[in-house]
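Me: I'm new to this one. Could you walk me through a few spots in it?

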Amino acid sequence: MVQPPMPDVPPVRSWINGNLATMDGAQAQPYGALEGHALRVRDGRIAALVPMADWRPEPGEDVVDITGRWITPGLIDCHTHLVWAGDRAGEFERRLAGATYAEIAAAGGGIRATVRATRAASVEELAARAAERLRPLLAEGLTTVEIKSGYGLSLAAELAQLRAARRVAELVPVRVTTTLLAAHAVPPEYDGRADAYIDHVCDAILPAAAAEGLADAVDVFCEHLAFSVAQCERVFARAHELGLPVKGHMEQLSNLGGSRLAARYGALSVDHIEYLDEMGIAAIAAAGTTAVLLPGAFYFLRETQRPPVEGLRRAGVPLAVATDLNPGTSPFASLRLMANMACILFGLTVEEGLAGVTREAARALGMTGRRGVLAPGLDADLAIWSSVPHPNALVYEPMAPRLWQRVLGGEIVG
């Protein structure tokens, strides 16, 4: 993972007279709420959450009085395809006119259209475009973003996408974690030879990405129009050999059993999962895998099969929410909107929606105990809100600009 460069940060800083939505399940109150508190940061990490009646400044401490504002963990987008070139607005029109996702892909559109444009762009161009797309998310409190490859589909182009993703953290103040998604689609030069392309992924792309330290995880698209369970298992096995955690686009359009495969490899997350069945739920629950809900793609594709939220909830599976920001099926640069849509379209509670873009999103990236909760010892990545009477307003009014400060590692960056 890439950490953005940090300017000099005061060794100790407190935000005082605030209300904290800690999102810590260990707290008894909904949202882990602690009203009338100070939050102290030391050396980039949360040092203490202190009732104002007990707070006293330390010598040389920088103090920010936030006069009743709410602080939440910085928002985390745990599933994006942020690095791409080209435009697919025409496909939007075709889809509204009745074309299906599969029909568009078969006609040379879909992922392949983006692959052509992405391969033609430089790392610098890709990074600059991605940083620009990220700005609306930063403006609503984002502090960590996962960025996948998958629009290169060749050794050189996949590595270029990952390098561009790493470069984003140098262009804007955000933490970036990268995921290799070379098994996203069969590239045109491998038409009719999906197994041979998986050979290339396992023998060339994965080892090269690991050797350069470009990937923090490995993803696959397990679906009838992408790769079979057996092909995805080959990728997972190679990733395991290389010491990289896995995750998967699973059960989005049909039920191939990909989530059960992911559970066998201890996947960080399974994402989409509209067609997940009871066996899949039991498998990911036993593996401790997080379910990532992507309501933007569900909405944009006008799907009708909702993910089995109640079954996941009963099984104790953590529910994260992400934008799936991509050019073809979820062009939405708003994590708060996705939390709102997850509540309205999928039946999450408002608290689950906010937890889905903080605590559970961190879990989906393997960052439990590092981010996503306000607690001592965790990174001081914060979102501080103005004119918010309660944290539920962040999900209720997703498009209202409420951010007052964005804090990364204790440094005020927005």
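Me: Where does Thr 67 sit?
Reply: Keep in mind that this is a predicted model. Thr 67 lies in a loop. The strands on either side of that loop are S4 (62-65) and S5 (70-73).

Me: Is Thr 67 buried or exposed?
Reply: A residue counts as exposed when its relative accessible area is over 50%. Thr 67 has 55%, so Thr 67 is exposed.

Me: What is the phi of Thr 67?
Reply: Most residues other than glycine have a negative phi. Thr 67 isn't a glycine, yet its phi is positive, at about 45°.

Me: Ile 273 has a positive phi too, so is Ile 273 buried or exposed?
Reply: Ile 273 isn't a glycine either, and its phi is about 55°. You'll find Ile 273 in the loop between S11 and helix H9 (278-287). The limit for buried is under 20% relative accessible area. With a relative accessibility of 0%, Ile 273 counts as buried.

Me: Which residues does His 272 touch, beyond its neighbours within four places in sequence?
Reply: His 272 belongs to strand S11 (residues 269-272). Its relative accessible area is 2%, so His 272 is buried. Leaving those sequence neighbours aside, its contacts are His 79, His 249, Met 250, Gln 252, Val 292, Leu 294, Ala 297, Pro 307 and Asp 324.

Me: How do H4 and H5 lie relative to each other?
Reply: Helix H4 (residues 123-138) packs against helix H5 (residues 155-171) with axes 8 Å apart, at an angle of about 50°. Angles under 35 degrees would be roughly parallel and 65 to 115 roughly perpendicular. That is why H4 and H5 are oblique to each other.

Me: How many charged residues are in the contact of H4 with H5?
Reply: On the H4 side the contact includes Leu 126, Ala 130 and Leu 134, and on the H5 side it includes Arg 163, Arg 167 and Val 168. By class there are eleven nonpolar residues and no polar ones, and the charged residues number two.

Me: What is the handedness of the crossing of H5 and H6?
Reply: H5 and H6 pack with their axes 10 Å apart, at an angle of about 35°. Among the residues in contact are Leu 159 of H5 and Ala 204 of H6. The crossing is right-handed.

Methods:
Residues numbered from 1 in each chain as written. Predicted model: local features only at pLDDT ≥ 70, side-chain atom pairs only at ≥ 80, totals over all residues. Heavy atoms only, no water. Axes fitted to C-alpha atoms, helices over the stretch in contact; angles between N-to-C directions. Helix = DSSP H or I, 4+ residues; strand = E, 2+ residues; numbered from the N terminus. Parallel < 35°, antiparallel > 145°, perpendicular 65-115°, else oblique. Contact = heavy atoms within 4.5 Å. Nonpolar A, V, L, I, M, F, W, Y, C, P; charged D, E, K, R; others polar. Left-handed = near helix turned anticlockwise from the far one by under 90°. Buried < 20%, exposed > 50% of the residue type's maximum accessible area, 1.4 Å probe, protein only.
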